[in-house]
Every structure is written in C-alpha cells, then in structure tokens.
Amino acid sequence: MASRLAQPKTVGTYGRRLLVVGYLFLLVIWPVALVVQKTFEGGLDNLQTALSDPVVTDALQLTVVVALWAVAINTVFGVGISLLLVRYDFPGRGTLSALIDLPLSVSPVVVGLALLLAYGGTNGTFGPALEGAGLQIAFATPGIVMATAFVSLPLVIREVVPVLQEIGTEQEQAAKSLGAGPWQTFWRITLPSIKWALVYGIVLSLARALGEFGAVKIVSGNVAQQTQTATLVVEQKYQDFEQGSAYATSFLLALIAVAALVVVTILRPKDDTDGD
Amino acid sequence: MTVDAPLAPSGAVRRRRAGRSSTSLTRSSGLGLGIALAWFSLLVLIPLCLVVIQSIDGGWETFRQTLTNPQTAAALRLTVTQALIVTAINIVMGTLIAWVLVRDSFPGKRVLEVVIDIPFALPTIVAGLVLLSLYGPDSPLGVNVANTERSVFLALLFVTLPFVVRTVQPVLMELDRDVEEAAASLGASRFTTLRRIILPSLAPAITAGAALSFARGISEYGSLVLLSGNLPLKTEVASVRILTYIENGNEAAAASVATILLLVALAAIILLQLISTWVARRG
C-alpha cells in the first residue's frame, strides 16, 4: 500500500481517473439515480400506491419466499460441494468443478426452457409422473424455486472454494487430533474461517434470486397474485402504463440488493479481502 | 474492497492442487457427494441435456429450418455482433477500471467499488428500466436509443460491466511492482512495460472476464424487454426468439436456438483461451 501511495501522479493518472469515473457515471450512477428520483417524484405516493396494490404485495411476498428457499438450498449445497471439491479426492472432480460454473453462462430463457422440458406438466420428461404423485413443479412455486436456485447456484461456491484452499487443513487436523468430531470441527473451525466468504456468497445469491426474471417468466406461468414474482410485476406495471408502481417496485428490489451489498462491503474485515 | 468478488474465475480449484492435502472419500462424505450430484443433475445437467436432445430429436431438419428462418437468423446475428462489440469494449474499459481501482487512490474510490457490483445485483428488468430513464424517450440528455439497435448495445454494456473488472482486479493486486520498476530502470518505455510485462500477466484474467462477458451478452434477456421493444429483424435478440418459440408451443425450434447459443458460448470460450495463451507466450 505504501508504495502505491508514493506513486507520482501524472497527467495520465488524472486522465484515466476522469475517464473511468465519467464512464461509470454515465453507465450506472446517473441512470440509477434517475430511477430513485422518479420513484420519489410525488413524495411517497408511488411507494404507497404500489404497497397498497395486492398484486404488488403478493408478488413481493412470493419473491421473498422463493428467494429464501433458493438461497437456503444454494447455501447448504454450496458449502457441501465446496468442501467436497477442496478437501476430497474423487474421480471426475475437475469436470464437476468446471460444470458448476455452467449456470452463469446459460441464458435465463434457456434455463426456463430446460426446466420446462424436464418438469412440464404435460410434455415434460418427469412432469407427468410427478404430477401423478401430487407434486406440481412447473407453473407452481417449486418450479420458481428451482429456476431461481439454478441461476444463482455457483455464487456461494465461487466465494467459498478459494478461502477453503487458502486456509488449508492444519487447524482442522489439530481439532481432530484433540478429539473433535466432524461436526464439531466444522462448526468451530471451518465455518468461522469461511464466514465472510460465505456471507458474501449468500448476499450475491440473494441479490440474484430476488432479481431473476427470464427463467421465472417461463417456468412460473406469470399468473397475477399466484405465480407472479416482483420482477414480473415490474414488467406488467410498466406495460400497463402504471409507471409509478413499476418504479416503486423496482426501487424496492434494487434497494434490498444494493443495501445487502453495501452492508457486506462495509462489515467485511478489510484484510480478509486482500487475498492474503 | 471486494476484490475476490462475484465473478473471479473459479480456476482456483485447479491452481493450488499441488499444495493441498486431500483425502479420499469417507462413507459420510461419499453420501454427501451422492446427494449433491443427484441434486445438481436433477436441477442443471438433465434439463440442459434435454434441451440438446430436443433440438436434434427431429433430425437436422428442425435445426436447418430454424436457422434459415430470416427472423431467427437476424436475431442470432444481432446478438452475436452486439455481444462481440460489447466484449471488446469491456476488455479495454474493464481493464482500465480495474487499473484505476488498484493503482490509483482518491476519495470516493470505495463508492466505485460498490458501483461496479450494481449491474450484477440489480434485477435485469430493473436494469432495463434504469437505462430507459437516462437513454429513453424522456432522456434528460436528449439521447433516445429505445427500440433501436443501440439499446441492445447499451443494455449489454450495462449488465456485463463487472465481469472483466472483477477478474482482472485481484490479479493486478498480486502483480509484483518490482518487475515493472526493473523494466523501467533498464530503459523500457511505459508502453513497452505495459506490452511486455503487464499485459501478458493479465491476459488469462482478461480472457476469463471476456468469456463471461460474451456468454452473458449473448444470453441476455431481462434488461432488453422494456428497452429494445423486441422489434423483429431489428432489435430482437436470440433469447427473445427462444421465448417466442416456447410461447407458440414450438419447443423443438426453441431448443435449436438454445443449443446454438450454447455452442457459440463454448466456441467463444475456446477461442479466447487460444488468444490468451498466444499473448502470454509472446510477452
């Protein structure tokens, strides 16, 4: 850090700084600020209208329930698979670690199509059998949860794996030699050391889960007050010329996502993020 | 600073294997692996395989018909072209942003750190709305790109912003300044140092970021819904074509376009990998 600060500032330094700040201002800062401004144009009217509309509140409720399920599943799955990938040897480990990233490169629309082909009620491969057993996945909450879990799947793993590799196994082995069981070792040694990476991964998953649109649009059926999530309401309200409600709902979604991100950025100990 | 951020390549799994002490599976970890694999297969692998199977189910005929449909061909062309342009810009601007975030220091730099993550955290439909507020019909700048090809470009530029920045940033932090100073003291110009010392070490990270950015670009949907108007032959992208096919009940055609998107993403990743190897060797 010291040598970084001692670096002389040239015209180039200021030029680059100006270019970067200007670019980010035009692409992100100003547009986001405008949405906030439009939300509060008539005071709190837009927010009040939106929050007294059962279509919006039901959608927000569904979004929160779905996001919590998806994040819970991804957290358990993510920590488990990270431990397996880093701590154990098994055939196909490299392939698995490459495949884990796949959901980041697949279009949300393709995710929706894929889930529909597998779990659609009439044409899906498993859909009819599952529905016969009383479990409807497509066009119901389980399908929305699956679509959301799909798109946010790698986020916890990508945060936790590097930290697990960094901390090594010495402390865990020490705990084991002192007689700690596997659960005790996990709760008292492993979990505290991956805590911040895990929290950051969970926050990213949460942001992604709250905001999923394309995959959910296909899998949910988009029925107001039943399977319509908050992002689908934003689209509908905007197209129905209820811009105020669209902006207010967008603002609420953006607020949760960005607030979570800011809180973690501030809380996270600084030396923990430097990588060493 | 959030540098080991959302999108850093998870190639880390492979990188440090040598120094690791790993054990073979125990009974309980084997069970855990089994459950994890079953869930991963049911959620991701089997459904994606079904897309590929569906696309070749009717032989190559569906594929050919879908590809020669002028509307679909135009959508694919637009998607790939815009994603390529945006990725090229991200390679330059993303690296520059990462450079400023690591090497420069000024008040408000931490705010920029959060700003970089906003496009990733923001719901895509909201991203479209956000861009519409500055570059739409009521633009305070007087720039209205709504329903034009430029709206696709702008939306992709917004949603792919974090990828190159977040992959390059950690590598740049680790980079040894001594080597640059040594090069300078031996008489290398700043440009030579950049070309021979810095760029080769950053190349793999830039490549990884560019691949993610391109893959995200060709698959984007949500941010375009409100912004581009989805005009056939003009601003309609591949994802919208897939959705239209699904809504019309033509799942085979939808699967064909989806499979083509998957193949293009794969090809781009391989190509970028080759370029990166070439740059790293030449430096």
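**View 1. The two domains of chain A, with centres 31 Å apart over C-alpha atoms.** In this predicted model, chain A is split into domain 1 (1-39) and domain 2 (54-273), with bounds that come from an automatic or database domain assignment. Four residues of domain 1 of chain A are in contact with four residues of domain 2 of chain A; contact here means that the C-beta atoms of two residues, placed from the backbone, lie within 7 Å. The domain 1 side of this meeting has two nonpolar, one polar and one charged residues. In this grouping Ala, Val, Leu, Ile, Met, Phe, Trp, Tyr, Cys and Pro are nonpolar, Asp, Glu, Lys and Arg are charged, and the others, Gly among them, are polar.

A note for finding your way: residues are numbered from 1 along each chain as its sequence is written, while chains are lettered from A and ligands numbered from 1 in the order in which they are written. Because the model is predicted, local features need pLDDT of at least 70 and side-chain atom pairs count only at pLDDT 80 or more, whereas totals for chains, interfaces and linings use all residues.

**View 2. Helices α10 and α12 of chain A, side by side, with axes that come within 7 Å.** Helix α10 covers residues 154-167 and helix α12 covers residues 182-211, and their axes cross at roughly 170°. That makes α10(A) roughly antiparallel to α12(A), a label for angles over 145 degrees, with under 35 counting as roughly parallel, 65 to 115 as roughly perpendicular and the rest as oblique. The axes are lines fitted to C-alpha atoms, for helices over the stretch in contact, and the angles run from 0 to 180 degrees between N-to-C directions. Look on α10(A) for residues including L155(A), V160(A) and I167(A), which belong to the group that meets a set on α12(A), among them I194(A), Y200(A) and R208(A). By class, this helix contact has twelve nonpolar, three polar and two charged residues.

**View 3. Where chain A and chain B touch, with 79 residues from chain A and 81 residues from chain B.** On the chain B side, helix α2 (residues 27-57) gives the most, with 13 residues. That side of chain B divides into 55 nonpolar, 15 polar and eleven charged residues. Strand β1 (residues 88-89) of chain A also pairs with strand β1 (residues 23-24) of chain B, in the parallel sense and over two bridges; strands pair if DSSP finds at least two bridges between them. In this pairing, D89(A) stands opposite S24(B).

**View 4. Chain B as a whole, with 13 helices and one strand.** Helices (H or I, at least four residues) and strands (E, at least two) are DSSP runs, numbered from the N terminus. The C-alpha atoms of chain B fill a box of roughly 65 × 65 × 35 Å along the principal axes. Of its 283 residues, 48% are buried, meaning that 20 or more other C-beta atoms lie within 10 Å of the residue's own, with 12 or fewer for exposed and partly exposed in between; C-beta atoms are placed from the backbone.

View 5. N230(B) has a positive phi of about 50° although it is not a glycine. N230(B) is partly exposed, with 19 other C-beta atoms within 10 Å. L233(B) is found in the loop between α11 and α12 too, and L233(B) has a positive phi of about 65°, again without being a glycine. With 11 C-beta neighbours inside 10 Å, L233(B) counts as exposed.
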